[in-house]
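Please load the model in a viewer and keep the selection panel at hand.

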Amino acid sequence: MRRLPDHEPDHRTALSAAPLIDGLIRSGVTFAAFREPGQEAVAYVQSDDQLRPAHAGQRCFVVAPFDRAEAPPLAIRPDRILRADASHEALSPVHEHGSDPARNGLSGLSRDGFKAAVSRTLQEIRAGRLEKAVLARTIAAKLNGLRAGALFEAACHMNTTAFVAIARTDRFGLWMGASPERLLMKDGDRIEVDSLAGTLPMDEAPPRAERWGVKEREEQEIVTAEIIAGLRALGIRDATAGDIRVRSAASVAHLHTRITGTMPMSDALAIAEALHPTPAVCGRPEQKAFELIRSAEPRPRALYGGYWGPMEADRASFFVNIRCMELFPDHGLLHVGAGITAGSDPDRECDEVERKARTWIDLIDALGQHG
(Lines give C-alpha, C1' and ligand atoms only; values in the text may rest on other atoms or scores of the structure.)
Protein backbone atom coordinates (compact mmCIF):
# COMPACT_ATOMS: atom_id res chain seq x y z
CA MET A 1 0.00 0.00 0.00
CA ARG A 2 1.16 3.51 -0.81
CA ARG A 3 1.92 5.90 2.05
CA LEU A 4 1.41 9.64 1.71
CA PRO A 5 4.76 11.48 1.59
CA ASP A 6 5.38 14.12 4.24
CA HIS A 7 4.87 17.03 1.83
CA GLU A 8 1.35 15.98 0.87
CA PRO A 9 -1.64 17.45 2.74
CA ASP A 10 -3.25 15.62 5.62
CA HIS A 11 -6.60 14.66 4.11
CA ARG A 12 -8.20 14.27 7.55
CA THR A 13 -8.16 18.06 8.00
CA ALA A 14 -8.13 19.34 4.39
CA LEU A 15 -11.46 18.11 3.10
CA SER A 16 -13.18 21.45 2.39
CA ALA A 17 -15.12 20.13 -0.63
CA ALA A 18 -16.06 16.80 0.92
CA PRO A 19 -19.10 17.86 3.01
CA LEU A 20 -20.76 19.60 0.06
CA ILE A 21 -20.21 16.69 -2.34
CA ASP A 22 -21.35 14.08 0.17
CA GLY A 23 -24.42 16.18 0.94
CA LEU A 24 -25.28 16.49 -2.74
CA ILE A 25 -25.00 12.72 -3.17
CA ARG A 26 -27.18 12.04 -0.11
CA SER A 27 -29.81 14.46 -1.40
CA GLY A 28 -30.05 12.59 -4.72
CA VAL A 29 -29.96 15.78 -6.80
CA THR A 30 -28.47 16.05 -10.26
CA PHE A 31 -25.10 17.80 -10.00
CA ALA A 32 -21.55 18.08 -11.26
CA ALA A 33 -18.66 19.28 -9.11
CA PHE A 34 -15.36 19.97 -10.85
CA ARG A 35 -11.93 21.52 -10.51
CA GLU A 36 -10.17 22.79 -13.61
CA PRO A 37 -6.36 22.89 -13.34
CA GLY A 38 -5.31 26.05 -11.52
CA GLN A 39 -8.85 27.00 -10.50
CA GLU A 40 -11.15 26.53 -7.52
CA ALA A 41 -13.67 23.70 -7.34
CA VAL A 42 -17.31 24.54 -7.99
CA ALA A 43 -20.56 22.59 -8.11
CA TYR A 44 -23.37 22.97 -10.66
CA VAL A 45 -26.65 21.86 -9.05
CA GLN A 46 -29.76 21.23 -11.14
CA SER A 47 -33.20 21.39 -9.53
CA ASP A 48 -34.78 18.54 -11.54
CA ASP A 49 -33.50 15.15 -12.69
CA GLN A 50 -34.14 15.60 -16.42
CA LEU A 51 -31.04 15.62 -18.65
CA ARG A 52 -31.66 17.48 -21.89
CA PRO A 53 -29.42 17.82 -24.95
CA ALA A 54 -26.79 20.52 -24.59
CA HIS A 55 -26.82 23.38 -27.09
CA ALA A 56 -24.23 25.92 -28.18
CA GLY A 57 -23.54 28.77 -25.80
CA GLN A 58 -25.60 27.29 -22.94
CA ARG A 59 -24.17 27.62 -19.45
CA CYS A 60 -23.99 24.05 -18.28
CA PHE A 61 -21.81 21.04 -17.51
CA VAL A 62 -21.74 18.85 -20.61
CA VAL A 63 -21.85 15.06 -20.19
CA ALA A 64 -21.24 13.09 -23.40
CA PRO A 65 -21.01 9.25 -23.41
CA PHE A 66 -18.50 7.35 -25.51
CA ASP A 67 -21.18 5.91 -27.80
CA ARG A 68 -23.24 8.58 -29.58
CA ALA A 69 -26.02 5.99 -30.02
CA GLU A 70 -26.50 5.95 -26.23
CA ALA A 71 -27.15 9.70 -26.01
CA PRO A 72 -26.17 13.04 -27.53
CA PRO A 73 -24.13 15.45 -25.37
CA LEU A 74 -26.35 16.19 -22.38
CA ALA A 75 -26.46 19.22 -20.10
CA ILE A 76 -26.45 19.53 -16.31
CA ARG A 77 -28.02 22.99 -16.08
CA PRO A 78 -27.05 24.91 -12.94
CA ASP A 79 -29.93 26.41 -10.98
CA ARG A 80 -27.31 26.95 -8.29
CA ILE A 81 -23.54 27.33 -8.61
CA LEU A 82 -21.79 26.59 -5.32
CA ARG A 83 -18.18 27.04 -4.29
CA ALA A 84 -17.01 23.67 -3.08
CA ASP A 85 -14.97 25.12 -0.18
CA ALA A 86 -17.77 27.28 1.28
CA SER A 87 -20.47 26.52 3.82
CA HIS A 88 -23.95 25.75 2.49
CA GLU A 89 -27.37 24.98 3.87
CA ALA A 90 -28.16 21.31 4.28
CA LEU A 91 -29.86 19.78 1.28
CA SER A 92 -33.08 17.85 1.77
CA PRO A 93 -32.87 14.22 0.68
CA VAL A 94 -34.64 13.45 -2.58
CA HIS A 95 -33.81 9.75 -2.68
CA GLU A 96 -30.96 7.66 -1.39
CA HIS A 97 -28.13 6.93 -3.81
CA GLY A 98 -27.47 3.25 -4.30
CA SER A 99 -25.96 0.89 -6.77
CA ASP A 100 -27.62 0.35 -10.10
CA PRO A 101 -28.03 -3.43 -10.43
CA ALA A 102 -28.28 -3.29 -14.22
CA ARG A 103 -24.93 -1.56 -14.56
CA ASN A 104 -23.31 -3.01 -11.45
CA GLY A 105 -23.83 -6.58 -12.58
CA LEU A 106 -21.87 -6.21 -15.82
CA SER A 107 -18.29 -7.27 -15.26
CA GLY A 108 -15.43 -6.26 -17.53
CA LEU A 109 -12.66 -8.27 -19.11
CA SER A 110 -10.35 -10.27 -16.87
CA ARG A 111 -6.61 -10.05 -17.48
CA ASP A 112 -6.76 -13.20 -19.62
CA GLY A 113 -9.79 -11.89 -21.48
CA PHE A 114 -8.07 -8.57 -22.12
CA LYS A 115 -4.94 -10.33 -23.33
CA ALA A 116 -7.03 -12.38 -25.77
CA ALA A 117 -8.75 -9.22 -27.02
CA VAL A 118 -5.35 -7.59 -27.62
CA SER A 119 -4.21 -10.65 -29.61
CA ARG A 120 -7.39 -10.52 -31.69
CA THR A 121 -6.82 -6.80 -32.36
CA LEU A 122 -3.25 -7.48 -33.47
CA GLN A 123 -4.57 -10.01 -35.98
CA GLU A 124 -6.87 -7.33 -37.41
CA ILE A 125 -3.95 -4.88 -37.62
CA ARG A 126 -1.68 -7.40 -39.35
CA ALA A 127 -4.45 -8.14 -41.84
CA GLY A 128 -4.56 -4.45 -42.74
CA ARG A 129 -8.10 -3.87 -41.45
CA LEU A 130 -7.05 -1.68 -38.52
CA GLU A 131 -4.25 0.74 -37.67
CA LYS A 132 -5.10 1.17 -33.99
CA ALA A 133 -7.82 0.24 -31.49
CA VAL A 134 -8.19 1.21 -27.85
CA LEU A 135 -9.36 -1.61 -25.59
CA ALA A 136 -10.61 -1.13 -22.04
CA ARG A 137 -10.94 -3.10 -18.84
CA THR A 138 -13.27 -2.59 -15.90
CA ILE A 139 -11.59 -3.30 -12.55
CA ALA A 140 -13.41 -3.34 -9.21
CA ALA A 141 -11.90 -1.63 -6.16
CA LYS A 142 -13.26 -1.77 -2.61
CA LEU A 143 -13.80 1.67 -1.07
CA ASN A 144 -13.36 0.45 2.51
CA GLY A 145 -15.87 2.97 3.84
CA LEU A 146 -14.42 5.98 2.02
CA ARG A 147 -16.88 8.60 0.89
CA ALA A 148 -16.89 10.20 -2.54
CA GLY A 149 -16.22 13.67 -1.14
CA ALA A 150 -12.94 12.55 0.41
CA LEU A 151 -11.88 10.90 -2.85
CA PHE A 152 -12.70 14.03 -4.86
CA GLU A 153 -10.76 16.31 -2.54
CA ALA A 154 -7.77 13.97 -2.41
CA ALA A 155 -7.74 13.64 -6.22
CA CYS A 156 -7.61 17.43 -6.51
CA HIS A 157 -4.56 17.53 -4.22
CA MET A 158 -2.80 14.60 -5.86
CA ASN A 159 -3.51 15.53 -9.50
CA THR A 160 -2.92 19.27 -9.72
CA THR A 161 -2.69 19.31 -13.55
CA ALA A 162 -5.74 17.06 -14.10
CA PHE A 163 -9.39 17.95 -14.56
CA VAL A 164 -11.10 16.40 -11.54
CA ALA A 165 -14.88 15.96 -11.71
CA ILE A 166 -17.73 14.08 -10.09
CA ALA A 167 -21.25 13.97 -11.50
CA ARG A 168 -24.45 12.34 -10.33
CA THR A 169 -27.44 11.82 -12.61
CA ASP A 170 -30.33 9.39 -12.58
CA ARG A 171 -29.40 8.32 -16.11
CA PHE A 172 -25.73 7.40 -15.55
CA GLY A 173 -25.35 7.11 -11.78
CA LEU A 174 -22.34 8.50 -9.93
CA TRP A 175 -19.05 8.96 -11.80
CA MET A 176 -15.71 10.47 -10.82
CA GLY A 177 -12.63 11.11 -12.95
CA ALA A 178 -9.22 12.77 -12.93
CA SER A 179 -8.37 13.33 -16.59
CA PRO A 180 -5.04 14.60 -17.93
CA GLU A 181 -6.45 14.93 -21.49
CA ARG A 182 -8.25 18.01 -22.79
CA LEU A 183 -10.50 17.28 -25.75
CA LEU A 184 -11.17 20.95 -26.46
CA MET A 185 -10.60 24.32 -24.85
CA LYS A 186 -12.39 27.23 -26.52
CA ASP A 187 -11.85 30.81 -25.39
CA GLY A 188 -13.35 33.26 -27.83
CA ASP A 189 -11.97 32.44 -31.28
CA ARG A 190 -9.00 30.49 -29.93
CA ILE A 191 -9.08 26.72 -29.49
CA GLU A 192 -6.69 24.16 -28.00
CA VAL A 193 -6.79 20.38 -28.27
CA ASP A 194 -4.58 17.80 -26.56
CA SER A 195 -3.02 14.89 -28.40
CA LEU A 196 -2.16 12.51 -25.58
CA ALA A 197 -1.06 8.96 -26.35
CA GLY A 198 1.76 6.55 -25.68
CA THR A 199 2.20 5.41 -22.09
CA LEU A 200 5.14 4.31 -19.95
CA PRO A 201 5.60 3.84 -16.20
CA MET A 202 6.90 7.04 -14.62
CA ASP A 203 10.12 5.35 -13.50
CA GLU A 204 10.78 4.04 -17.04
CA ALA A 205 9.79 7.10 -19.08
CA PRO A 206 12.68 9.03 -20.69
CA PRO A 207 12.37 12.77 -19.95
CA ARG A 208 12.72 13.62 -23.65
CA ALA A 209 10.08 12.47 -26.16
CA GLU A 210 12.58 11.53 -28.88
CA ARG A 211 14.03 8.86 -26.59
CA TRP A 212 10.71 7.00 -26.26
CA GLY A 213 10.16 3.75 -28.14
CA VAL A 214 8.85 3.47 -31.68
CA LYS A 215 5.51 1.97 -30.56
CA GLU A 216 4.70 4.90 -28.23
CA ARG A 217 5.81 7.56 -30.72
CA GLU A 218 3.82 6.00 -33.57
CA GLU A 219 0.72 5.79 -31.38
CA GLN A 220 1.02 9.48 -30.52
CA GLU A 221 1.60 10.47 -34.15
CA ILE A 222 -1.60 8.65 -35.21
CA VAL A 223 -3.63 10.68 -32.71
CA THR A 224 -2.01 14.01 -33.63
CA ALA A 225 -2.45 13.51 -37.38
CA GLU A 226 -6.13 12.56 -36.98
CA ILE A 227 -6.90 15.59 -34.78
CA ILE A 228 -5.20 18.06 -37.15
CA ALA A 229 -7.01 16.56 -40.15
CA GLY A 230 -10.32 16.83 -38.31
CA LEU A 231 -9.75 20.45 -37.34
CA ARG A 232 -8.77 21.46 -40.86
CA ALA A 233 -11.86 19.75 -42.26
CA LEU A 234 -13.93 21.93 -39.91
CA GLY A 235 -12.28 25.08 -41.24
CA ILE A 236 -10.13 25.75 -38.19
CA ARG A 237 -7.49 28.26 -39.26
CA ASP A 238 -3.79 27.76 -38.54
CA ALA A 239 -4.24 24.33 -36.91
CA THR A 240 -0.71 23.76 -35.64
CA ALA A 241 0.89 21.07 -33.48
CA GLY A 242 3.44 22.17 -30.91
CA ASP A 243 6.46 20.20 -29.77
CA ILE A 244 6.00 16.68 -28.43
CA ARG A 245 6.57 16.71 -24.68
CA VAL A 246 6.45 14.19 -21.86
CA ARG A 247 3.54 14.68 -19.46
CA SER A 248 3.22 12.92 -16.12
CA ALA A 249 -0.15 11.62 -14.92
CA ALA A 250 0.17 10.01 -11.47
CA SER A 251 1.98 6.67 -11.88
CA VAL A 252 2.39 6.90 -15.67
CA ALA A 253 3.74 9.31 -18.28
CA HIS A 254 2.40 10.11 -21.75
CA LEU A 255 3.57 11.80 -24.90
CA HIS A 256 1.69 15.07 -25.27
CA THR A 257 1.24 17.60 -28.07
CA ARG A 258 -0.81 20.78 -27.75
CA ILE A 259 -2.66 21.63 -30.98
CA THR A 260 -3.89 25.20 -31.44
CA GLY A 261 -5.93 27.13 -33.99
CA THR A 262 -8.50 29.88 -34.47
CA MET A 263 -12.07 29.86 -35.74
CA PRO A 264 -14.30 32.96 -35.54
CA MET A 265 -17.87 32.27 -34.43
CA SER A 266 -16.96 28.68 -33.61
CA ASP A 267 -19.42 26.31 -31.91
CA ALA A 268 -17.61 24.41 -29.15
CA LEU A 269 -20.09 21.51 -29.17
CA ALA A 270 -19.87 21.09 -32.95
CA ILE A 271 -16.06 20.99 -32.77
CA ALA A 272 -16.10 18.54 -29.86
CA GLU A 273 -18.54 16.23 -31.64
CA ALA A 274 -16.42 16.31 -34.80
CA LEU A 275 -13.30 15.37 -32.80
CA HIS A 276 -14.95 12.73 -30.60
CA PRO A 277 -14.00 9.98 -30.29
CA THR A 278 -10.33 10.64 -31.05
CA PRO A 279 -7.96 7.75 -31.85
CA ALA A 280 -6.72 8.14 -28.26
CA VAL A 281 -9.92 6.46 -26.96
CA CYS A 282 -11.27 4.63 -30.02
CA GLY A 283 -8.83 3.94 -32.86
CA ARG A 284 -8.33 4.25 -36.60
CA PRO A 285 -10.21 3.76 -38.85
CA GLU A 286 -12.81 4.92 -36.35
CA GLN A 287 -15.73 2.75 -37.46
CA LYS A 288 -13.68 -0.46 -37.63
CA ALA A 289 -12.18 0.25 -34.21
CA PHE A 290 -15.62 1.04 -32.78
CA GLU A 291 -17.05 -2.23 -34.07
CA LEU A 292 -14.16 -4.19 -32.54
CA ILE A 293 -14.62 -2.43 -29.19
CA ARG A 294 -18.32 -3.27 -29.15
CA SER A 295 -17.68 -6.94 -29.86
CA ALA A 296 -14.62 -7.36 -27.60
CA GLU A 297 -15.75 -5.51 -24.45
CA PRO A 298 -18.54 -7.23 -22.47
CA ARG A 299 -20.07 -4.04 -21.05
CA PRO A 300 -21.01 -0.64 -22.51
CA ARG A 301 -18.49 2.11 -21.79
CA ALA A 302 -21.19 4.63 -20.82
CA LEU A 303 -19.29 7.78 -19.75
CA TYR A 304 -15.81 6.21 -19.97
CA GLY A 305 -14.06 7.48 -23.10
CA GLY A 306 -16.69 10.20 -23.58
CA TYR A 307 -16.09 13.80 -22.59
CA TRP A 308 -17.35 16.25 -20.00
CA GLY A 309 -16.76 19.76 -18.72
CA PRO A 310 -18.20 23.26 -18.33
CA MET A 311 -19.48 25.43 -21.17
CA GLU A 312 -20.87 28.96 -21.36
CA ALA A 313 -21.48 31.66 -23.98
CA ASP A 314 -17.97 32.04 -25.39
CA ARG A 315 -15.93 29.50 -23.47
CA ALA A 316 -15.80 25.73 -23.09
CA SER A 317 -13.40 23.35 -21.39
CA PHE A 318 -14.06 19.70 -22.30
CA PHE A 319 -11.90 16.82 -21.08
CA VAL A 320 -11.83 13.22 -22.25
CA ASN A 321 -13.29 11.09 -19.47
CA ILE A 322 -10.40 8.71 -18.79
CA ARG A 323 -8.93 7.60 -15.42
CA CYS A 324 -12.49 7.45 -14.20
CA MET A 325 -14.75 5.20 -12.16
CA GLU A 326 -18.37 4.52 -11.39
CA LEU A 327 -19.03 4.81 -7.66
CA PHE A 328 -21.29 2.56 -5.62
CA PRO A 329 -21.81 2.49 -1.83
CA ASP A 330 -19.04 -0.05 -1.14
CA HIS A 331 -16.91 -0.17 -4.29
CA GLY A 332 -15.84 1.57 -7.45
CA LEU A 333 -15.61 0.24 -10.99
CA LEU A 334 -12.43 1.62 -12.55
CA HIS A 335 -12.33 2.05 -16.32
CA VAL A 336 -8.88 1.98 -17.96
CA GLY A 337 -7.70 1.38 -21.50
CA ALA A 338 -4.66 0.95 -23.73
CA GLY A 339 -4.00 1.78 -27.36
CA ILE A 340 -3.18 -1.32 -29.43
CA THR A 341 -0.96 -0.81 -32.48
CA ALA A 342 1.27 -3.06 -34.59
CA GLY A 343 4.06 -2.81 -32.01
CA SER A 344 1.91 -3.86 -29.03
CA ASP A 345 2.75 -6.80 -26.79
CA PRO A 346 -0.30 -8.39 -25.07
CA ASP A 347 1.39 -8.83 -21.69
CA ARG A 348 2.72 -5.27 -21.66
CA GLU A 349 -0.70 -3.89 -22.58
CA CYS A 350 -2.22 -5.87 -19.69
CA ASP A 351 0.39 -4.35 -17.37
CA GLU A 352 -0.36 -0.87 -18.70
CA VAL A 353 -4.07 -0.89 -17.90
CA GLU A 354 -3.42 -2.28 -14.42
CA ARG A 355 -0.83 0.45 -13.86
CA LYS A 356 -3.35 3.10 -14.91
CA ALA A 357 -5.86 1.66 -12.45
CA ARG A 358 -3.33 2.33 -9.68
CA THR A 359 -4.13 6.06 -10.07
CA TRP A 360 -7.27 5.47 -8.01
CA ILE A 361 -6.35 2.28 -6.15
CA ASP A 362 -3.25 3.87 -4.61
CA LEU A 363 -5.27 6.92 -3.58
CA ILE A 364 -7.97 4.75 -1.98
CA ASP A 365 -5.30 2.77 -0.11
CA ALA A 366 -3.53 5.93 1.07
CA LEU A 367 -6.74 7.51 2.33
CA GLY A 368 -7.65 4.29 4.11
CA GLN A 369 -4.39 4.44 6.04
CA HIS A 370 -5.08 8.02 7.09
CA GLY A 371 -8.79 7.64 7.76
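Begin by selecting strand β19 (331-340), which contributes 5 residues to the lining of the largest cavity, the most of any element. Helices (H or I, at least four residues) and strands (E, at least two) are DSSP runs, numbered from the N terminus. A cavity is a set of points on a 1 Å grid over the protein atoms alone where a 1.4 Å probe fits but cannot get out, and lining residues have an atom within 4 Å of a point. The model is predicted: local features need pLDDT of at least 70 and side-chain atom pairs count only at pLDDT 80 or more, whereas totals for chains, interfaces and linings use all residues. Residues are numbered from 1 along each chain as its sequence is written, and side-chain values use heavy atoms, with hydrogens and water left out.

The largest cavity has a volume of about 200 Å³, a volume being the space filled by probe spheres set on the grid points, which are joined across faces, edges and corners. Among its 21 lining residues, those closest to the centre are Ala-280, Ile-322, Arg-323, Gly-337 and Lys-356. By class, the lining comprises 9 nonpolar, 6 polar and 6 charged residues. Here Ala, Val, Leu, Ile, Met, Phe, Trp, Tyr, Cys and Pro count as nonpolar, Asp, Glu, Lys and Arg as charged, and the others, Gly among them, as polar.

The whole structure holds 2 cavities of 30 Å³ or more.

Now move to helix α4 (residues 148-158), which is largely enclosed by the rest of the structure because 9 of its 11 residues are buried (under 20% relative accessible area, 1.4 Å probe, protein chains only). Leu-151, Phe-152 and Glu-153 are among the buried residues. To see what covers them, display elements including α1 (18-27), β8 (163-169) and α8 (346-369).

Finally, select Arg-182 in strand β10 (residues 182-187). Is this residue buried or exposed? Arg-182 is buried, at a relative accessible area of 15%. Beyond its neighbours within four places in sequence, Arg-182 contacts Glu-192, Val-193, Asp-194, Arg-258, Phe-318 and Phe-319, contact meaning heavy atoms within 4.5 Å. Val-320 lies 138 residues from Arg-182 in sequence, yet their C-alpha atoms are 6.0 Å apart.

Note on methods: Buried means under 20% relative accessible area, exposed over 50%, partly exposed in between (1.4 Å probe, protein chains only). On a 1 Å grid over the protein atoms alone, a cavity is a set of points where a 1.4 Å probe fits but cannot get out, and a pocket is an open set with protein on both sides within 12 Å along at least five of seven lines; lining residues have an atom within 4 Å of a point.
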